[in-house]
Amino acid sequence: MCLGIPGRIVEIHQDEGLAMGLVDFGGVRREVCLAYVEDQVEPGDYALVHVGFAIAKVDEHEARRTFEALRQMSQLEELDWMREVADRSLDAMSGGPA
Amino acid sequence: MKYLSEYRDPTLARALIGQIRQSASRRWTLMEVCGGQTHTIVKQGLDELLGESVEMIHGPGCPVCVTPLEQIDRALALAAMPNVIFTSFGDMLRVPGSECDLLQVRARGGEVRVVYSPLDAVALARKNPEREVVFFAVGFETTAPANAMAVWRAAQLGIRNFTMLVSHVTVPPAMTAILDAPDNRVQGFLAAGHVCTVMGWTEYEPIAARYRVPIIVTGFEPLDILEGIYLGIRQLEAGRCEVENQYVRSVRREGTVPARTLVERVFHLVDRQWRGIGTIPMSGLALREEFAAFDAELRFGLSEIRASEPTECRAGEVLRGLLKPPDCPMFGNRCTPEHPLGAPMVSSEGACAAYFNYGRIRQRQHAEV
């Protein structure tokens, strides 16, 4: 549950006063809350993301390496899981099947 | 770490293992706190590669595993209520309660939805003002900022049909409980890298000094873990007991201050029961009185629901590092991921699941060779 995945911040916006952003995880994009790192990040930066929240800014060089390691270890299960849950959440939001 | 080309370079891993073996003059006993680290260790067989230099004991850092049976039963009761949409991280769905699990409640018509972020549950409450949306807030300090923000956000937006069933736990009191136990064998810790990303490591400094144990803040990749073990053994050999940071790409001493600040604003420390372990003083987070309107236990009057843990499951010994999963008489026969007796067999961070899943894979590979 404490798994954190580094992703690249694509854009940043405010959602009714809350800093949110689109974050790219090797092709999978998700809305992420940036409230805890908003003073430190700009688009292009990497953040460590846990359950939809950026909990730290990560050095991009280091982030790429971690991600490569994750890929090599075929530990993309978490990303697949995230993709699946994201799809399901979208269904839920639009009133589709849970 | 900056000279490593990959966090999982086999050549570097071999080099680190060699260094660890060379520097250990005796067999040391380290505990990795986090279940994510346990999975890397068991999956990659790092414990076996390290041979006689170090014994890795698996710690209690699996929030799913330590959530008390009582809270699971309360979750099940909430999920079965007709007007409730019960939301949870996916890990909790198969954790056995006294009678059944959340998946079975869903099969019987309860509305149980998996969310990726607690903010998704808040959004769901906003979209469904006629329903009660409850979120199962479990986890360690890594997850607390997300859950704190969900409550803060619901309060800010005036969303009244959103509540949380809170079962949050914190790592340092569990470490001291392990060190205080008369049968403790742990000589040093790999602290959980993502918990420390949020909290920093200042809380660990008095623990290292008081109990004279090295504590290495460690990441989750094989090379992270091997380097953490190496730093720990180097300290033990030199008679040092300090907090050292291996996970430099993510962890700063003070942690992520805005996250810590909101967690402290929304939650306060309480005594908390850990499944299989018992009550650890001031080891849990609960909603502050100011946010009592978002407390599902208060809104739905769940305090009547009590449960006692089955005696068959020895998860408590596993979670305290006293019993290795394969040494449990139930392991792999009476208790499997399909028919679990306890949470460590179903959680993605559970030690029993790690041994069951990866142990089997390794045996198969041996068989194929």
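Predicted model: local features only at pLDDT ≥ 70, side-chain atom pairs only at ≥ 80, totals over all residues.
Reader: Why is Lys127(B) called partly exposed?

Author: Lys127(B) has 14 other C-beta atoms within 10 Å. A residue is buried at 20 or more and exposed at 12 or fewer. The count of 14 lies in between, so Lys127(B) is termed partly exposed. Lys127(B) belongs to helix H7 (residues 118–127) of chain B.

Reader: What makes strand S3 and strand S4 of chain B partners?

Author: The same criterion of at least two bridges applies. Strand S3 (residues 84–88) and strand S4 (residues 111–114) of chain B, which run parallel, share 4 bridges, and they therefore count as paired. Ser88(B) has Val114(B) as its bridge partner in S4(B). Together with helix H6 (residues 102–107) of chain B, S3(B) and S4(B) make a right-handed β-α-β unit.

Reader: In which order do the 5 strands of the open sheet in chain B stand?

Author: The order is S2-S1-S7-S8-S9, with parallel pairing.

Reader: Why is one side of strand S2 and of strand S9 of chain B left without a neighbour in the sheet?

Author: Strand S2 (54–61) and strand S9 (243–245) of chain B each have a single partner strand, because they stand at the edges. Neighbouring strands of this sheet are turned by 25° against each other on average, direction ignored.

Note on methods. Residues numbered from 1 in each chain as written. Chains lettered and ligands numbered in written order. Helix = DSSP H or I, 4+ residues; strand = E, 2+ residues; numbered from the N terminus. Axes fitted to C-alpha atoms, helices over the stretch in contact; angles between N-to-C directions. Right-handed = clockwise from strand over helix to strand, strands pointing away.
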